[in-house]
Every structure is written in structure tokens, then in C-alpha cells.
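The exercises below are meant to be worked through with the sequence and the structure side by side. Try each task before reading its solution.

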Amino acid sequence: GIGEGKREREREREREQSEFGEKMPRNYTGTYQLVHQENFEEYLKALDINVALRKLVCLLKPVKEVEQTGDHMIIRTITSLRNYVMEFDVGVEFEENLGPIDGRTCQEMHAEGAVAKQVFQKKE
């Protein structure tokens, strides 16, 4: 019945718990293609990205290659302009090197009132 699928998902989530009782992230390993984005230029503007780079970035159709081993993530963003790699452990604060993008490094980025949505679809 309908409830069986829900119970199976709950059992699967329980199996994903680590020895410390924390939920392990779903495995996102794969290649993803941008399908569409909403309000991305306004989001970049709020992050103080210069106008020329904003316009260029909004034209790109990036591919994301995600490699996940447990809590360790490597996300490669592949575009015709330049490639960018972000590596981190889920739940652990890290410094992101935005050098390939605009020369900055950061641990947090806040963009009050600016929300962007990018939708990627996993390639088969």
C-alpha cells in the first residue's frame, strides 16, 4: 500500500545513521547538468560580484561532477569559461577558495534578501 513506501524510506534512513547517531548524507556521486536558474544575477549582485562577471556567469551552463566518499565531498564545476573545485567534509567549517572565480576566500557568505535557485539534473 501507500504506507509501505514511506515505511521503507524510514527504514533506509535508519540504516544510514552512523555509529554516533548522526544521519549520513545521501550519496550524491554523479554528473549533473544545469537545467535552469532563477534570480541568480541578483544573488551574485548581493555577493558583490562585478557586473561584467555576473553577466558572463549567468550565460554559462555548468556541469557539476560530484564525488562523495562518506562525509567527504568533492564538487567540480565545469564551464566553458573556467573550472572550479570545492572540497570539504559535510558538517565541518572550511575556507572556500574563490580565487578561480573572483580572487576571494571565504568561510561564510551572506546575501540578505537574495535567494537564487539553480536546478541540476543528474546525467544517466
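**Exercise 1.** Which residue in β4 does Arg76 stand opposite?

Solution. Bear in mind throughout that this is a predicted model. Begin with the strands themselves: β3 covers residues 72-78, and strand β4 covers residues 84-89. These two strands pair in the antiparallel sense over 6 bridges, and they form a hairpin with 5 residues between them. Within this pairing, Arg76 stands opposite Val85 in β4.

**Exercise 2.** Find the strand that pairs with β3 over 7 bridges, and describe the hairpin that the two make.

Solution. The partner is strand β2, residues 63-69, which pairs with β3 in the antiparallel sense over 7 bridges. One of the facing positions is Glu65, which stands opposite Arg76 in β3. The hairpin of β2 and β3 has 2 residues between the strands, and in this hairpin Gly70 takes a positive phi near 60°.

**Exercise 3.** Locate Met86 and list the residues it touches, leaving aside those up to four places away in sequence.

Solution. Met86 lies in strand β4. With those sequence neighbours set aside, Met86 touches Met73, Ile74, Ile75, Phe94 and Glu96. For Met73, which is 13 residues from Met86 along the chain, the C-alpha atoms of the pair are separated by 8.0 Å.

**Exercise 4.** Is Leu59 buried or exposed?

Solution. Leu59 has its place in helix α3, residues 51-59. Its relative accessible area is 66%, and because exposed means over 50%, Leu59 counts as exposed. Together with Leu56 and Leu81, Leu59 makes a nonpolar surface patch of about 280 Å².

Note on methods
Residues numbered from 1 in each chain as written. Predicted model: local features only at pLDDT ≥ 70, side-chain atom pairs only at ≥ 80, totals over all residues. Heavy atoms only, no water. Pairing = 2+ DSSP bridges. Helix = DSSP H or I, 4+ residues; strand = E, 2+ residues; numbered from the N terminus. Patch = residues over 30% accessible without salt bridge, like charges linked within 9 Å, V, L, I, M, F, W, Y side chains within 5 Å. Areas by Shrake-Rupley, 256 points an atom, 1.4 Å probe, with all protein chains shown as cover. Salt bridge = Lys/Arg side-chain N within 4 Å of Asp/Glu carboxyl O. Buried < 20%, exposed > 50% of the residue type's maximum accessible area, 1.4 Å probe, protein only. Contact = heavy atoms within 4.5 Å.
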